[in-house]
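I open the notebook on this model. The entries follow the order in which I looked things up.

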Amino acid sequence: MLARWDEEGTFAQLREQNRGGPIFSFMDGPITANGPAGVHHGIGRTLKDVFQRYKASRGHELRYQNGFDSQGLHVEVQVEKALGFNSKREIEEYGLARFARDCRDFVAKFSGVQTAQSKRLGMWMDWGNDYFTFSDTNIEYIWRFLKAVEEKGWLYKGHRSTQWCPRCGTSLSKHEQAGEENYEELEHPSLFVRFPLRGRAGESLVIWTTTPWTLPANVAAAVKPDAEYGRNDVGEWVAVEPYPDEHFEKRVRGSELVGLEYDGPFDAFPAQEGVVHRVIPWDEVSLDEGTGIVHIAPGCGAEDFELARLHDLPVLAPIDESGVLLPGYSDLEGKTTDEVVDPVIESLRERGLLVEATSVVHRYPVCWRCRTPLVFRVVDDWFISAEEIRQPMLDGNATVEWTPPQYKKRMDDWLRNMGDWCGASTSSRSCTARGSTASSSAARSAAARRSGFPRSATRGSTPASSTSRRSAGGTRSGSPAATRPAPRRGSPAPTFPTTPIGRSGSRPTGSRRGGRRFASGSTRSASWR
Ligand SMILES: [Zn+2]
């Protein structure tokens with residue numbers, strides 16, 4: 001059949017026959033030219049072909065132009081793999097121009113493969129007259145679009161929390177990090193730390209973290225408003241649920257703790273100057289792990305960052321591109337996130353803030369390129385504000401005929417909730433921003449969550465977010481009841497910080513691992529006995 005169409009010039013005859021007919025302008029959403037087309041592409045291409053054939057049979061003149069998506073990580077990552085590169089630096093050493101040429105060659109190769117496949121499928125298109133997104137024309141139109149956006153005052157520089165590989169010195173997109181193979185079982189410190197409450201002598205909050213390097217960037221502590229919290233006989237506050245056998249002298253709802261101020265764990269650091277630490281409400285606080293009080297460091301985690309927007313918290317970004325602590329963190333400056341573990345623990349112990357330090361094994365994201373454990377960083381980014389364009393787009397959508405029709409509502413919902421659009425990130429060695437830098441925080445927060453800002457360990461997809469590793473929640477791999485021993489009164493051993501179960505999706509973790517500790521155990525002997 002294909003040969004006959006070819007011999008008789010059937011497609012060319014059809015176009016000639018319909019020339020001058022009513023226009024049906026088909027706009028092809030481009031296929032990414034980063035590999036051979038799959039079965040799912042075959043389905044989409046068949047549907048497109050059906051519509052075009054129908055319109056052609058009705059006498060319409062069609063615009064048969066196929067498109068190839070030829071830019072971005074979808075292509076670059078494949079080329080990096082083909083070249084055996086492991087880092088952004090290797091690309092720079094190889095030469096950006098040379099790398100870009102390789103990417104173009106890669107696209108040329110697979111656009112050819114996909115064209116042959118599509119022809120074999122019987123799809124009628126103006127093959128050879130394809131558009132490519134990397135064309136100068138397209139790029140010029142994108143710049144023209146940005147210029148218009150800038151002139152309307154919609155372009156602004158904001159901040160974004162992103163997964164970051166300290167070795168590669170680059171952020172990692174969800175696209176790059178997708179896949180089970182990008183997680184490993186890793187052992188990390190497990191710290192229970194006391195935050196003394198201001199104006200309440202002898203009372204403190206107790207939090208749990210597996211990221212000691214985030215403690216110097218702490219600005220808040222989150223509680224679950226409707227959960228019950230208790231104060232034990234040495235003045236320590238935790239959620240009641242995780243400690244069913246504990247004796248609490250006083251019990252209150254989390255909402256009653258909201259607003260209390262406390263001494264931060266590293267208030268003496270210059271970076272902490274002027275920061276007022278306070279308790280904030282957060283419905284997502286999990287009672288399955290930790291103490292039910294979550295340490296919040298907006299510069300070190302996606303959820304923390306969103307909370308900063310909601311509660312106007314300061315954002316302290318403690319590490320640079322290489323995962324090294326910045327000036328402002330005193331003697332920790334210049335050390336990596338691993339190297340600060342011991343000094344942080346030691347400092348907390350000396351000041352009587354350490355409840356317990358042990359270790360935990362959990363499922364943790366690693367860089368797909370180099371297997372380095374990821375961290376979260378806050379980076380500068382360009383955003384396009386959605387506020388002014390939202391209503392015109394809603395109005396426009398109302399006039400569109402969608403097929404199937406229910407997609408109109410879906411688009412409407414998306415437009416109502418869309419956050420500001422995030423463009424390319426700029427290099428940022430450090431930034432200190434208010435969480436409220438950007439506008440429409442609530443909408444953006446909601447959008448960000450929906451769009452998959454790593455949310456929490458509940459999906460087993462969250463990396464180094466300090467929050468996630470504290471609040472995990474989710475599946476109870478390993479019974480928490482079993483792994484969370486009740487405080488043993490009269491015992492000299494620290495028992496309050498029960499062994500946290502791992503992040504969900506992880507194996508039963510939380511282990512004391514044969515007694516191994518990052519520090520020499522509890523520094524306190526007064527409480528939980
Ligand atoms: Zn890496």
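**Entry 1: cores**

I looked for the largest nonpolar core first, and it has 66 residues. The residues with the most contacts inside it are Val193, Leu205, Ile207, Ala221, Ala222, Ile293 and Ile296. I take a nonpolar core as a set of buried Ala, Val, Leu, Ile, Met, Phe, Trp, Tyr and Cys residues joined through C-beta atoms within 7 Å. Buried means that 20 or more other C-beta atoms lie within 10 Å of the residue's own; exposed means 12 or fewer, partly exposed is in between, and C-beta atoms are placed from the backbone.

I then listed the partners of Leu205, leaving aside its neighbours within four places in sequence. Leu205 is in contact with Phe195, Leu197, Ala221, Trp237, Tyr262 and Ile293. Contact here means that the C-beta atoms of two residues, placed from the backbone, lie within 7 Å. There is also a second, separate core of 8 residues, which includes Ile31, Ala37, Cys103 and Phe110.

**Entry 2: ground rules and totals**

This is a predicted model: local features need pLDDT of at least 70, side-chain atom pairs count only at pLDDT 80 or more, and totals for chains, interfaces and linings use all residues. Residues are numbered from 1 along each chain as its sequence is written.

I noted the totals next. The protein has 16 helices and 21 strands. These are DSSP runs numbered from the N terminus, with helices as H or I of at least four residues and strands as E of at least two. Of the 529 residues, 37% count as buried. Among contacts with a separation of 6 or more, 75% come from residues 24 or more positions apart.

**Entry 3: the sheet of 6 strands**

In what order do the strands of the open sheet of 6 run? I read β13-β11-β12-β9-β8-β18, with mixed pairing. Two strands pair if DSSP finds at least two bridges between them. β13 (250-253) and β18 (354-365) stand at the edges with a single partner strand each, so one side of each has no neighbour in the sheet. Neighbouring strands are turned by 30 degrees against each other on average, direction ignored. For angles, axes are lines fitted to C-alpha atoms, for helices over the stretch in contact, and the range is 0 to 180 degrees between N-to-C directions.

I followed β8 (residues 183-196) to both of its partners. It runs antiparallel to β9 (residues 204-209), with 6 bridges between them. Val193 stands opposite Ile207 in β9, and Leu191 stands opposite Thr209 in β9. Val193 and Ile207 are already in Entry 1, among the residues with the most contacts in the largest core. With β18, β8 is again antiparallel, over 11 bridges. Pro189 has Ser359 of β18 as its bridge partner.

**Entry 4: the helix over β8 and β18**

Helix α11 (residues 341-350) lies across β8 and β18, at about 150 degrees to β18. Which residues of α11 are buried? I find Val341, Val344, Ile345, Ser347 and Leu348. They cover an arc of only 165 degrees around the axis, so they sit on the same side of α11. The arc is that of the directions from the helix axis to the C-beta atoms. What covers these buried residues includes β8 and β18. Gly352 follows α11, and its phi is positive, near 75 degrees.

**Entry 5: the sheet of 3 strands**

I moved to the open sheet in the order β2-β4-β5, where the pairing is parallel. β2 (31-32) and β5 (131-132) are the edge strands with a single partner each, so one side of each is left without a neighbour in the sheet. β2 and β4 (residues 67-69) pair over 2 bridges. Ile31 stands opposite Phe68 in β4. Ile31 is also one of the residues of the second core.

**Entry 6: backbone exceptions**

Most residues other than glycine have a negative phi, and most peptide bonds are trans. I searched for departures.

- A cis peptide bond joins Thr403 and Pro404, with omega about -5 degrees. Pro404 is in the loop between α12 (387-398) and α13 (406-417).
- Asp312 has a positive phi, near 55 degrees. Asp312 is in the loop between α10 (302-311) and β17 (314-316). It is exposed, with 10 other C-beta atoms within 10 Å.
- Ser330 has a positive phi, near 50 degrees. Ser330 lies in the loop between β17 and α11. It is partly exposed, with 16 other C-beta atoms within 10 Å.
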